[in-house]
Amino acid sequence: MSKNSFLIDVEKCTGCKLCIIACKDEHVGNSYAPWTQPQPDTGHFWIDVQALERGRIPRVKMSYLPLLCQHCENAPCIKVCSEGSIKTRDDGLVWIDPATCTSCGLCQDACPYGVIYLNGDLGVAQKCTGCAHRVDEGELPRCVDVCPHEAIVFGDDDGGETGEIFHPQYQTEPRVYWQGLPMPWIAGTVIDADENEVISGASITSMDLFEPESVTTNSDAFGDFWIRGMEKERKYQLEISKEGYEDFLAIVTTDGDQDMGTVVLKRAS
Ligand code: SF4
Ligand code: SF4
Ligand code: SF4
């Protein structure tokens, strides 16, 4: 049987949260045996949209990450369940069997993605089922079906060839793949020291000090530059040059987005 997977494109997600509403509409008050019992009215987010505010004024960007169970092949939740209640379907979807779950909470603690919830009224642990009941009827999961921007797609598992893994350090081999996960940027505004005016057309080069790679861009009409897609936790040499000015050199560590603020170039003597 072919495996299923999700592919989430962060660049397409607008944070509208329709997926959250649709998931609740599908599952609150509805039981889909054997895959799950009803989700409670409040407190559960089998899919949640994490808002990530990046940068600082004037260079700010919001990224939205729709987070659901990653349907891991090497799932810690399965390893810790002494009842054997967490299982993987033939198509790869991971589910918690409500018939045997004792709601001990170990899986909730073990899941590095924080996507398991305890249902106190029913005495079971619950999470995204991948809408297994719909998939078995040849339908798409509700969140996928409702997303107006196709930020979440679902189908045969070929995402591994093109998709990224969210938090690969967990090594859980997720069946949810990602595109456009936020990568650090280096940004700033180039200014003339004497005139206190912006410099457009300055050349900005970031050279990776670990790999033989460099990226060059130019400051725009407002003197702004913005180099996106830098590797995390790397050191870069940043060189800013413009004819008639002394070069500006700095070492930048991408332990997050790096806003250089105002970069002042001195006129060459
Ligand atoms: S419905 Fe789609 S665009 Fe809206 S928050 Fe969910 S994933 Fe993002
Ligand atoms: S994301 Fe968490 S709950 Fe889902 S399969 Fe992986 S470890 Fe289990
Ligand atoms: S696949 Fe179904 S259960 Fe999972 S988050 Fe989407 S709507 Fe909710």
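# Notebook: backbone, rings and ligand shells

**Entry 1. Loop between E8 and E9.** I located Glu-173 in the loop between E8 and E9; helices (H or I, at least four residues) and strands (E, at least two) are DSSP runs, numbered from the N terminus. I note that the model is predicted, that local features need pLDDT of at least 70 and side-chain atom pairs pLDDT 80 or more, while totals for chains, interfaces and linings use all residues. Residues are numbered from 1 along each chain as its sequence is written, chains are lettered from A and ligands numbered from 1 in the order in which they are written, and side-chain values use heavy atoms, with hydrogens and water left out.

Glu-173 is not a glycine, yet I read a positive phi of about 50° for it. Its relative accessibility is 46%, so it counts as partly exposed; the classes are buried under 20% relative accessible area, exposed over 50% and partly exposed in between, with a 1.4 Å probe and protein chains only.

Arg-175 also lies in the loop between E8 (152–156) and E9. I class Arg-175 as buried because its relative accessibility is 4%. Setting aside neighbours within four places in sequence, I listed its contacts, which include Lys-3, Phe-6, His-71, Glu-73, Asp-91 and Asp-157; contact means heavy atoms within 4.5 Å.

**Entry 2. Other backbone features.** Most residues other than glycine have a negative phi, and most peptide bonds are trans. I therefore recorded His-71, buried at a relative accessible area of 1%, which has a positive phi of about 45° although it is not a glycine. His-71 is in the loop between strand E3 (59–68) and helix H2 (76–80). I also found a cis peptide bond between Ala-33 and Pro-34, with omega about 0°. Pro-34 belongs to the loop between H1 and E2.

**Entry 3. Aromatic pairs.** Rings of Phe, Tyr and Trp (its six-membered ring) pair if their centres lie within 6.5 Å; planes under 30 degrees apart count as stacked, over 60 as edge-to-face and the rest as tilted. Trp-35 and Trp-95 are edge-to-face, with 4.8 Å between centres and 80° between planes. This pair joins distant parts of the chain, 60 residues apart: Trp-35 is in the loop between H1 and strand E2 (47–56), and Trp-95 in strand E5 (residues 94–96). Trp-35 is buried at 16% relative accessible area, and Trp-95 is buried at 9%.

Trp-185 and Trp-226 are likewise edge-to-face, at 5.1 Å centre to centre and 75° between the planes. Because Trp-185 is in the loop between strand E9 (176–179) and strand E10 (186–192) and Trp-226 in strand E13 (residues 224–227), the pair ties together parts 41 residues apart in sequence. I read 2% relative accessible area for Trp-185, which is buried, and 27% for Trp-226, which is partly exposed. Ring pairs also connect Tyr-113, Phe-166, Tyr-170 and Trp-178 into a cluster.

**Entry 4. Charges over rings.** I looked for NZ of Lys or CZ of Arg within 6 Å of a ring centre and within 35 degrees of the ring normal. The charged end of Arg-89 sits over the ring of Trp-35, 4.5 Å from its centre. Arg-228 lies over the face of Trp-226, 4.2 Å from the ring centre.

**Entry 5. Helix H1.** I found seven of the 10 residues of H1 buried, so the helix is largely enclosed by the rest of the structure. Among the buried residues are Cys-19, Cys-23 and His-27. The buried residues of H1 pack against E2, helix H4 (132–135) and H5. Just after H1, Gly-29 adopts a positive phi of about 80°.

**Entry 6. Ligand shells.** I took as near those residues with a heavy atom within 4 Å of the molecule or strand. The residues around ligand 3 include Phe-6, Cys-23, His-27, Cys-128 and Arg-142. Helix H1 (18–27) and helix H5 (142–146) are the elements that give two or more residues to this shell. I counted eight nonpolar, three polar and one charged residue there; Ala, Val, Leu, Ile, Met, Phe, Trp, Tyr, Cys and Pro count as nonpolar, Asp, Glu, Lys and Arg as charged, and the others, Gly among them, as polar.

The shell of ligand 2 includes His-71, Cys-72, Cys-77, Cys-111 and Tyr-113. It divides into nine nonpolar, two polar and one charged. Ligand 1 is surrounded by 14 residues, the closest being Cys-13, Cys-16, Lys-17, Cys-19 and Cys-147.
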